[in-house]
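Colleague: I have a model open and would like to learn how to read its features. Could you take me through a few of them?

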Amino acid sequence: MSEMILDTVVDTTAESEFELCPKFEQTFSILGKKWNGLIIDVLLEDGPQRFKNLARRIPRCSDRVLVVRLKELEANGIVSRITHCDSALIEYRLTAKGADLKQVMQTVHGWSDKWNSTTDSCE
């Protein structure tokens, strides 16, 4: 009795032709970056914040990284940096584009509550 050996040929053509929608890819390059979701979430929950308050709410994010992330979010039109003329007060707040992420963030919270097995509660 002879054995037949089949060589499997994988067609990678279909895989190499697949491309994500550029808008989807751009969105996740922003939202998927570490700390951005938490920054957006804090601003959604608590409104405009001074830098030190944001840093206090996201303690594991270094000040240096927080500055970089805020600049990136500002460059993408999600966060605005407000300087008050009559004082040295600087606040960060969501733009209309950023505030429009509220439903997305609520959906992520719901998914997380359902599927993440941590015992910590976010409520």
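Modeller: Contact here means heavy atoms within 4.5 Å. Keep in mind that this is a predicted model.

Colleague: Which residues of helix 3 meet which residues of helix 5?

Modeller: From helix 3 come Asn36, Ile39 and Ile40, and they meet Leu66, Arg69, Leu70, Glu72 and Leu73 of helix 5. Sorted by class, this contact of helix 3 with helix 5 has five nonpolar residues, one polar and two charged.

Colleague: At what angle do the axes of helix 3 and helix 5 cross?

Modeller: Angles of 65 to 115 degrees count as roughly perpendicular. The axes of helix 3, residues 36–46, and helix 5, residues 63–75, cross at roughly 75° and come within 10 Å. Helix 3 and helix 5 are therefore roughly perpendicular to each other.

Colleague: Is Arg69 buried or exposed?

Modeller: Buried means under 20% relative accessible area. Arg69 has a relative accessible area of 15%, so Arg69 is buried. This residue lies in helix 5. Leaving aside neighbours within four places in sequence, Arg69 is in contact with Lys33, Lys34, Trp35, Asn36 and Ile39.

Colleague: Which residues in helix 3 are buried?

Modeller: Asn36, Ile39, Ile40, Asp41, Val42, Leu43 and Leu44 are buried in helix 3. After helix 3 comes Gly47, with a positive phi near 75°.

Colleague: What describes a pair of aromatic rings?

Modeller: Such a pair is described by the distance of the centres and the angle of the planes. This structure holds one aromatic pair. The rings of Phe24 and Phe28 have centres 4.8 Å apart and planes at 45°, so the pair is tilted.

Colleague: Where do Phe24 and Phe28 lie?

Modeller: Both Phe24 and Phe28 are in helix 2, residues 22–31, and they are four residues apart, about one turn of the helix. Phe24 is partly exposed, with a relative accessible area of 44%. Phe28 is also partly exposed, with a value of 48%.

Colleague: Now the strands. How many bridges join strand 1 to strand 2?

Modeller: Two strands pair if there are at least two bridges between them. Strand 1, residues 79–83, and strand 2, residues 90–94, are joined by five bridges and run antiparallel. The two strands form a hairpin, with six residues between them.

Colleague: Which residues in strand 2 stand opposite Val79 and Arg81?

Modeller: Val79 stands opposite Leu94, and Arg81 stands opposite Tyr92.

Colleague: What does Ile90 touch, not counting residues up to four places away in sequence?

Modeller: Ile90, found in strand 2, touches Gln49, Arg50, Phe51, Arg81, Ile82 and Thr83 on that count. Take Phe51 from this list: Ile90 and Phe51 are 39 residues apart along the chain, with their C-alpha atoms separated by 7.6 Å.

Key
Residues are numbered from 1 along each chain as its sequence is written. This is a predicted model: local features need pLDDT of at least 70, side-chain atom pairs count only at pLDDT 80 or more; totals for chains, interfaces and linings use all residues. Side-chain values use heavy atoms; hydrogens and water are left out. Axes are lines fitted to C-alpha atoms, for helices over the stretch in contact, and angles run from 0 to 180 degrees between N-to-C directions. Angles under 35 degrees count as roughly parallel, over 145 as roughly antiparallel, 65 to 115 as roughly perpendicular and the rest as oblique. Ala, Val, Leu, Ile, Met, Phe, Trp, Tyr, Cys and Pro count as nonpolar, Asp, Glu, Lys and Arg as charged, and the others, Gly among them, as polar. Buried means under 20% relative accessible area, exposed over 50%, partly exposed in between (1.4 Å probe, protein chains only). Rings of Phe, Tyr and Trp (its six-membered ring) pair if their centres lie within 6.5 Å; planes under 30 degrees apart count as stacked, over 60 as edge-to-face and the rest as tilted.
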